[in-house]
Each structure stands twice: as C-alpha cells, then as structure tokens.
Amino acid sequence: MAIGLTASAQQTVYKMNVKMTNGSIYTVDADDVEEVYFTSFEAYDPSQPATVDVASIHAPQEGGHYVVNVSCNVQLFTTTGYVDQSYNPWYDYFQTSMDMTYTYNNGVLIIDVNPARYRIISDRTVNLYDGLGNTVISIPVTQDGNPNGTILNERGAANVNYFCSILSSFHSMYRIADAKYTGLIDNEEFKAPIDPDNDNLRELFSKPYDLINQDFYLLQLIEQTGVTVLLPMCQLMNALAYYEMVTMFGGVPYITNPSMYNIGRTPQDELLQQLIDNLTSIINNLQDEKAGYISNPESIALPSKDLVRVVLADIYMYQGNYALAKPLLEEIVESNRYSLISDLNNMSVDNPEIIWSMDTGNPNTRASRRNAVTFVIDYDPPYTIIKTYADVLLSLAECESILGNDSKAMQYLNQVKAAKAITTSSSGVLPIISEIRSKIQVDFGGYFAFLKRTGLALSTLGIEEYQLLFPIPLREMMMNPSLTQNPGY
C-alpha cells in the first residue's frame, strides 16, 4: 500500500497523525508532516511522461504570480513527507533564501514569489512527487536580487566584522612600522638594524596569519560546497596580508592547509604570482562601484573592483610589471569616483580621497591614536586607512615614468601637489614622487615598498642592502625549524 502526503504538510511538528482507510487515526513520531493517508496511490510511470507548460521561472526583484499547468496520469503532491535537516554551514553567514509559496491541486501548480529582501537570492526548485515520494516534476525558480538588500545574517556579519578587525589592526601595524622604519616618524625602537627579537617584529609576522588562517577555513568551505559568494573577500584579504608581509620579510610560508605549522618560506616571486592568480580570477565578477570607507560588513563581503585593482596594481609594481599595473590604476582615475583633499595626513576615515578604509570597532579617540603613533606601534586603532586616491595618482605617475612617459607622469604629480599645496625641491619624476610620498604616506603605509621597487631605498634611508628586508622573528624560527633567516641577521 502506497503513501501520499497532503499539500498542507507542516515542517515544524514532531508527531504525525496516520489516518487508515477505515477512518482510524494513529499518532506516530515525525518531524516533517502533519498528516499521512494510506491509500492506493499509483507510482509514476516514466514511460508515460508528465508534461508542464512552463519549464522554468525567473522572477524579477518584485516577485510574481505564476500558474503552471501539469498533465500526469497519477496523483501528485508537493512534498514527500521527508525534510532534509542536514546542517548547511553557510547558514552561519548568509540570508539569501527566496520568499516563495506554492500549492498544487487538480493539475494546476500555483507559485507565488514575493519581493526579494536580500541582495543575492538562492535558486529554488519546486518539485511534485508521486505517492511513493519519487520526483515527477521539477520547476527551477530563480529571482533577481534586491540591490539594496543584505546578504549576511547576524552571525555572518559578526564573523566578517571579526575578519575586518584583524585586517585593520594588522594594516595599522604595517603602516606605522613602515613610517618608523623609513623615518617618517621619529623613533628609537623600530629602525635599522632591527633585532630579530624585537617585540613589534613578532607581531608584524604573526598577526597576518590570524587572518589568513580564518580565511582558509572559509576557502575550504567554498571548495567543498561550491558556494563562492565570499571567495572574493577571502582572496582580497589574503592578498593584502601576504603582499604587505612580502614587502617586509620577502618570502613567507604560504598556507594551503591550516595544520601546516612546520613549513618553509615560499619564494617571493612564487608567492606574488599566486596572489596575482587569485585576484585576477575574481575581479571580473565584482561590482564596479565606489569603494571608500568600509562602513558595514556587506561592503567587504561583496567588495568593489577598486579594492582588488589597488592591491593587484601594488603587486604588479613590486614585481616590476608596470605595464600591467597602469591600466588598473587608470580605470580608477577615469571612473571619477574619488577626488583629492587638502589634508596631508590625519585624514578622516570617510573623505572623498579614501579608496579603502576600515573601522576596527575600537572606541579610542582620534587624539589617542595620534599620541600612539608618536611613541609606539598602535596595535588597535579606531580605524585604519589602507588606500587613497593620492596613492593611486602617485603610483600611476610612477608607472608612466618607468614606461618612458615623464610628461604624463608630471600631470598626475601636479594634481597631488596642487591639491595638497606641496612644494618639492627634487628633480626627476621618481625623486619627486618620493618627496611627495614622504609628506603624505604616514596615514596608509607603503613608502618602504615604493623606495625598494624604484631602487631609492639605500640612498634615501641610508641603510645597507641586507636591511631591505626585516629579519624573520627569532620566536617564529624557534617555533618553526623550517624557517630560514634573511641574510645579514
């Protein structure tokens, strides 16, 4: 005797009434349906295929009402009586479900798709089953997302905010270490030659791996499930963390498994190429819109192309591939999404010049941040600036100069000089860029990387060649015997 299920089945009860054909009712354990009828339903015969007049449905953001006419020689139902209650790990991150109801009666399937609430709407399939639970009809249903909607649920937002706080804290450390090592900030505790046992050095090496390891669990989940929504965020965060480590230490361990503790350093060129591959694989699928201040986790969960452009351009320039960096920077300039302001440093976090800045959630005041910059590396500022439009213009000037277009380079330099009322005494494009950067780069870092890639570091900083890299922290080498020290330390 076959089993058929009523269309009004509820998925939240834990007992089930079974009605026999003689009218007797028995209560049995169940967690998916309200009522089951034992009757003589026939199984579907594929040799007599069922037909529909609508093969698939695509609803607009506003939703819609859809009627599907079904022809089948057996009675059909909207549920099998079994509910897949397996845990979906993405429930910890997303709210993308389609708001939809459907009923079926006498050969007519009615599907109502409600207006989209979320930015990305996951696809659904409406199935009709025979009395044995075999799938007879499948109607795929898709819907346009709501561009003003959300994607992250409360827990997902908290997780992404945590990733952002690690990234922001690390970049602040990088920025201040960069300013101190290059003499943009007077200090005694972080300048060449650096002791491998320096406390700041240990934090600079280990902090990025807090983020990289967190990201790796997401990357594993993406690979296992094929749900790629957060892939760009992970690759972007990883690329920034690894790139900034490379500019300080050279090759560092590239993590492909979170249990990889005793692994050696990945050669710098190999690591940078991996970052390029990761970023170029995601950029075409991103939103081409203004970035700026990351005011909420949604902004980094679905990053703008501009964030990838600035990081990818930095990597290309550090490799000496200026011809590949130039068009990325030009796209930002030609978008007219950003503009220069007069401030040299201590810029507000959300001004028109900002391409990427982030809040750390720290309640410290701006004044306390300035004091911290003066004396010690501030590991937990209220916010950090990662990229600015002035940086893009200076990088584009660098590209033009290296590629033999000094007149074009000077046009970009003059924009920055005029907006910020900067006078320079140097001659030659690269020395002028260096002079400008020395006046404005305290806020976002990267001056050391610029000096190294242009060959100006030794003469500008008065350091020896081995000091172009920081030493690998002594503690890290003691914990990981596979690490090797940079020459000279």
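Predicted model: local features only at pLDDT ≥ 70, side-chain atom pairs only at ≥ 80, totals over all residues.

1. Let me begin with helix H9 (residues 389-402) and helix H10. Their axes lie 7 Å apart, and the packing angle is about 160°. As angles over 145 degrees count as roughly antiparallel, H9 and H10 are therefore roughly antiparallel to each other. The crossing of the two is left-handed. From H9, the contact draws on Ala-390, Leu-393, Leu-394, Leu-396, Ala-397, Glu-400 and Ser-401. H10 contributes Asp-406, Lys-408, Ala-409, Tyr-412, Leu-413, Gln-415, Val-416 and Lys-420. By class, the residues of this H9 and H10 contact are nine nonpolar, two polar and four charged.

2. H10 (residues 406-420) also packs on helix H11 (residues 429-440), here at an angle of about 25° and with 11 Å between the axes. Angles under 35 degrees count as roughly parallel, and H10 and H11 are therefore roughly parallel to each other. H10 passes H11 in a left-handed crossing. On the H10 side you will find Asp-406, Ala-409, Met-410, Leu-413, Val-416, Lys-417 and Lys-420, and on the H11 side Val-429, Ile-432, Ile-433, Ile-436 and Ile-440. The contact of H10 with H11 comprises nine nonpolar and three charged residues, with no polar ones.

3. It is worth looking at H10 with both contacts in mind. Asp-406, Ala-409, Leu-413, Val-416 and Lys-420 of H10 are listed in the contact with H9, and these residues are listed in the contact with H11 too.

4. Now to the strands. S12, S13 and S14 form an open sheet in the order S12-S13-S14, and its pairing is mixed. Strand S12 (292-294) and strand S14 (383-388) each have a single partner strand and stand at the edges, so one side of each has no neighbour in the sheet. On average, neighbouring strands here are turned by 15° against each other, direction ignored. Strand S13 (residues 354-359) runs antiparallel to S14, and five bridges join them. As a landmark, Trp-356 has Lys-387 in S14 as its bridge partner.

5. Which helices pack on this sheet? Helix H1 (residues 154-181) lies across S13 and S14, at about 75° to S14. Helix H6 (residues 305-319) packs on the sheet as well, touching S12, S13 and S14, and its direction makes about 105° with that of S13.

6. Another open sheet has three strands in the order S6-S11-S10, again with mixed pairing. Its edges are strand S6 (57-59) and strand S10 (124-129); each has a single partner strand, so one side of each is left without a neighbour in the sheet. The twist averages 20° from one strand to the next. S6 pairs with strand S11 (residues 135-143) in the parallel sense over three bridges. Within S11, Val-141 is the residue opposite Ile-57.

7. Lastly, please have a look at the hairpin of S8 and S9. Strand S8 (residues 100-105) and strand S9 (residues 108-113) are paired in the antiparallel sense over six bridges. The bridge partner of Tyr-104 in S9 is Leu-109. Two residues lie between the strands of this hairpin, and Asn-106 takes a positive phi near 50°.

Terms used: Residues numbered from 1 in each chain as written. Heavy atoms only, no water. Axes fitted to C-alpha atoms, helices over the stretch in contact; angles between N-to-C directions. Helix = DSSP H or I, 4+ residues; strand = E, 2+ residues; numbered from the N terminus. Parallel < 35°, antiparallel > 145°, perpendicular 65-115°, else oblique. Left-handed = near helix turned anticlockwise from the far one by under 90°. Contact = heavy atoms within 4.5 Å. Nonpolar A, V, L, I, M, F, W, Y, C, P; charged D, E, K, R; others polar. Pairing = 2+ DSSP bridges.
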